[in-house]
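Keep the structure in view while reading.

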Amino acid sequence: MISVILGLQFGDEGKGKITDFISRDYDDVVRFNGGSNAGHTVVINGEKFKFHLVPSGAMQSKMVILGNGMVIDPEELVSEIELLKKSKKDIEIKISAGAHIVTKMHKCLDKREEAVRSKLNIGTTSQGIGPTYEDKYARTGIRLIDLSNKEIISNKIETIFNMKRELLKGSVYENPEERKKMVEDLYSYGSLILKYMDYTENTIYNHYRCGKNILFEGAQGGMLDIDFGIYPFVTSSNTLAGALSTGSGFSFRKVDRVIGVFKAYTSKVGSGPFPSEILNDSTLRDLGSEYGTTTGRPRRVGWLDLPLLKYTTMVNDVDSLAITKVDVLGQLKTIKVATRYTIDGNEIDYFPRRLEDFEKLRVEYREFPGWGTIKNQDAILSGGYEELPENMRKFLEFIEEETGKSIDIVSLGEDRKMTITKQIFN
């Protein structure tokens with residue numbers, strides 16, 4: 001079985017929990033995009049594991065692979081590998097030779113560029129992701145394979161500095177000694193992680209030929225895709241299912257199942273349009289502990305947005321859905337779901353691409369009654385879908401009818417065991 005799992009909203013959908021849950025059925029888990037700007041939390045028997053670079057399926061799979069589409073902060077990666085090895089000593093780790101490297105200078109550039117954007121600031125996590133992708137496409141980027149050669153590292157650091165000299169004016173990186181220190185640090189980190197380096201496109205293909213089960217894990221969410229999200233309030237990589245091909249070297253044509261994860265409501269970190277946002281009421285944010293895994297920032301929170309969900313389901317060619325945080329949403333007495341967009345009184349059948357369209361956008365809602373706190377957890381976990389509260393099932397079945405897709409995984413809490421599945425995943 002070859003599958004891909006990804007988020008269908010603005011990130012923070014709970015992909016880490018779902019990826020961890022289903023990874024029991026896969027030999028390899030491959031991450032194919034993004035960097036440490038992604039935060040995935042896995043809870044196992046009450047113990048929390050927070051990953052930013054290592055794939056969330058690491059706790060159950062035999063091998064994790066970091067693909068060439070990623071941008072990797074070596075300091076963060078060393079820390080995560082140490083944490084992972086303490087819990088799972090036998091895990092195999094492979095990192096693509098072509099993955100690009102995030103430096104401290106990139107993080108400085110991230111903040112400087114955000115200041116220049118002014119009104120178009122995107123609420124970046126300041127993890128250096130965007131500037132690293134910029135260098136990748138400028139063909140000046142530092143790749144993992146370069147970390148074995150100080151001369152190459154130094155030449156590229158100097159090139160990046162010279163190309164971004166104006167943005168770096170007044171920073172510590174104007175000092176040549178600081179840049180030399182960065183070269184030494186990167187070379188030192190290379191000595192720790194180059195042992196994991198591999199031509200991972202070959203590894204993945206060979207495992208496929210041997211009949212191994214492979215799960216591709218996307219970072220962020222569909223609405224943050226640089227081409228199909230709400231530009232410019234997007235991430236710096238493609239987050240859709242098809243990006244696994246360019247981010248790993250494996251053909252999308254060989255994928256058997258696309259699993260889309262969404263939250264029972266919607267949340268967002270950063271700037272930009274948010275059609276179903278709940279303003280001036282923090283109740284849902286507090287109930288759901290909606291604070292960023294990477295940044296700690298309070299997330300903006302809104303109702304489930306069906307026009308948005310239908311759009312990302314379409315562009316990802318989703319086969320089945322997984323929903324999270326229904327236990328949180330049900331605590332509200334009245335629940336809203338965005339069902340329709342209109343502009344100037346006319347329903348639109350597309351997702352807007354111009355920012356000015358969002359200013360004219362009106363959202364229509366349907367209301368549902370809540371289902372309260374889930375008390376009979378043991379009965380639900382043993383009895384499955386039919387044991388869910390009636391109001392919850394009506395809510396889920398409405399989503400299925402509207403999207404035309406089956407919700408095959410229902411998360412009832414952050415712990416791995418708090419999950420029920422339909423027959424396809426049993």
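How many salt bridges does a search of the whole structure find? The search finds 25 salt bridges. The model is a predicted one, and the points below are grouped by topic.

**Salt bridges**

**Helices H3 and H4**
- Helix H3 (residues 104-117) packs against helix H4 (residues 129-137) at an angle of about 105°, and their axes are 7 Å apart.
- Angles of 65 to 115 degrees count as roughly perpendicular, so H3 is roughly perpendicular to H4.
- On the H3 side, the contact is made by His106, Leu109, Asp110 and Glu113.
- On the H4 side, Ile129, Pro131, Thr132, Glu134 and Asp135 take part.
- Sorted by class, the contact of H3 with H4 has four charged, three nonpolar and two polar residues.

**Aromatic rings**
- Across the whole structure, a search finds 10 aromatic pairs.
- One aromatic cluster is formed by Tyr205, Tyr208, Phe216 and Phe250.

**Charges over rings**
- Arg24 lies over the face of Phe21, at 4.3 Å from the ring centre.
- Lys150 lies over the face of Tyr187, at 5.0 Å from the ring centre.

Technical notes
Residues numbered from 1 in each chain as written. Predicted model: local features only at pLDDT ≥ 70, side-chain atom pairs only at ≥ 80, totals over all residues. Heavy atoms only, no water. Axes fitted to C-alpha atoms, helices over the stretch in contact; angles between N-to-C directions. Helix = DSSP H or I, 4+ residues; strand = E, 2+ residues; numbered from the N terminus. Parallel < 35°, antiparallel > 145°, perpendicular 65-115°, else oblique. Contact = heavy atoms within 4.5 Å. Nonpolar A, V, L, I, M, F, W, Y, C, P; charged D, E, K, R; others polar. Phe/Tyr/Trp six-rings, centres within 6.5 Å; stacked < 30°, edge-to-face > 60°. Lys NZ or Arg CZ within 6 Å of the ring centre and 35° of its normal. Salt bridge = Lys/Arg side-chain N within 4 Å of Asp/Glu carboxyl O.
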